[in-house]
Amino acid sequence: MQLLEMVNEIGSVVDGRIGPVMIKTYINRIIREVSAKILLDYNIASTTFSPTSGTEAYNLPADFSRDVAVKGTNVLDYEPWSLYAQKDRSTVALLTRTYTIMGTQILFNPPPNVSTATVTMVYGKQPADITTDTAEPGIPRNFHYVIKDGALLKALQAIPPSEDEGGRYQNMIPMVQAQFEKGVRDLMDSEANKGRMRLTPKG
């Protein structure tokens, strides 16, 4: 489903009370929210860098959303801090090498003590906004309705009570929200069945 088509359909439901510019904003916001929950082929990227001996922190890519995996020569024994934190400390060596994401940087603890190493980070990236009329979301086409439903939900929630005579738009919210949440679950299930889905860690 193309951007203009989604904008027109949502605008029709809300009877023009939310303008097309704001609807486009909602569409892109939902694309980012869905992408943060589900990693698809289109929003997985990688970056490679060489750490400096004794240096703990390294900048993340500008489009970084969340990490998927870190691997490389001479640093294969580093594991995510989130996994280390869940382990029984009585059975885990205190000097376990870990990495964590903090703000716009990845931190290695302890800092690498090698002078020659290559690190490859596979990560989920922030999807670029779709802006042209013919642009489409990067998720599979049969799930484009999820983006439309999510944006419609935000549009309905944005209509002020003074413009909602009889509460017609407010009464639509539970149904649209249920459709959107079911669509997200169906998309997650579909990707799980393909064996390529990774969920956002809780916490």
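Me: At what angle do the axes of helix 1 and helix 4 cross?
Reply: The model is a predicted one. In it, helix 1 covers residues 3-13 and helix 4 covers residues 144-158. Their axes come within 10 Å, and the crossing angle is roughly 40 degrees.

Me: Are helix 1 and helix 4 roughly parallel, roughly perpendicular or oblique to each other?
Reply: An angle under 35 degrees would count as roughly parallel, and one of 65 to 115 as roughly perpendicular. The crossing is at roughly 40 degrees. Helix 1 and helix 4 are therefore oblique.

Me: Is the crossing of helix 1 and helix 4 left-handed or right-handed, and how many residues of their contact are nonpolar?
Reply: Helix 1 passes helix 4 in a right-handed crossing. Met6, Glu9, Ile10 and Val13 make the contact from helix 1, and His144, Ile147, Lys148, Ala151, Leu152 and Ala155 make it from helix 4. By class, one of these residues is polar and two are charged, while the nonpolar ones number seven.

Me: How are helix 1 and helix 2 oriented to each other?
Reply: Helix 2 spans residues 20-37, and its axis lies 10 Å from that of helix 1. The angle between the two is about 115 degrees, and the range from 65 to 115 counts as roughly perpendicular. The crossing is right-handed. Helix 1 and helix 2 are therefore roughly perpendicular.

Me: Which residues of helix 2 meet helix 1?
Reply: On the side of helix 1, the contact involves Leu3, Met6, Val7, Ile10 and Gly11. The contact as a whole has seven nonpolar residues, one polar and one charged. From helix 2 come Pro20, Ile23, Lys24 and Ile27.

Me: How many aromatic pairs are there in the whole structure, and what is the angle between the planes of Tyr58 and Phe108?
Reply: The search finds five aromatic pairs. In the pair of Tyr58 and Phe108, the ring centres are 6.0 Å apart and the arrangement is edge-to-face. Tyr58 belongs to strand 2 (residues 57-59) and Phe108 to strand 6 (residues 105-109), 50 residues apart. The angle between the planes is 70 degrees.

Me: Are Tyr58 and Phe108 buried or exposed?
Reply: Buried means under 20% relative accessible area. Tyr58 has 10% relative accessibility, and Phe108 has 1%. Tyr58 therefore counts as buried, and Phe108 is also buried.

Me: Is the pair of Tyr99 and Phe108 stacked, edge-to-face or tilted?
Reply: Both Tyr99 and Phe108 are buried, and their ring centres lie 6.4 Å apart. At 50 degrees, Tyr99 and Phe108 are tilted.

Me: Which residues does Ser46 touch, leaving out those up to four places away in sequence?
Reply: Ser46 is in strand 1, residues 44-49. Its C-alpha is 9.4 Å from that of Ala69, which is 23 residues away in sequence. The residues touched by Ser46 are Thr120, Met121, Val122 and Tyr123.

Me: How many helices and strands does the protein chain have, and what pattern do they follow?
Reply: The chain has 203 residues, of which 39% count as buried. It contains five helices and seven strands. Along the sequence, the pattern is α-α-β-β-β-β-α-β-β-β-α-α.

Methods: Residues numbered from 1 in each chain as written. Predicted model: local features only at pLDDT ≥ 70, side-chain atom pairs only at ≥ 80, totals over all residues. Heavy atoms only, no water. Axes fitted to C-alpha atoms, helices over the stretch in contact; angles between N-to-C directions. Helix = DSSP H or I, 4+ residues; strand = E, 2+ residues; numbered from the N terminus. Parallel < 35°, antiparallel > 145°, perpendicular 65-115°, else oblique. Left-handed = near helix turned anticlockwise from the far one by under 90°. Contact = heavy atoms within 4.5 Å. Nonpolar A, V, L, I, M, F, W, Y, C, P; charged D, E, K, R; others polar. Phe/Tyr/Trp six-rings, centres within 6.5 Å; stacked < 30°, edge-to-face > 60°. Buried < 20%, exposed > 50% of the residue type's maximum accessible area, 1.4 Å probe, protein only.
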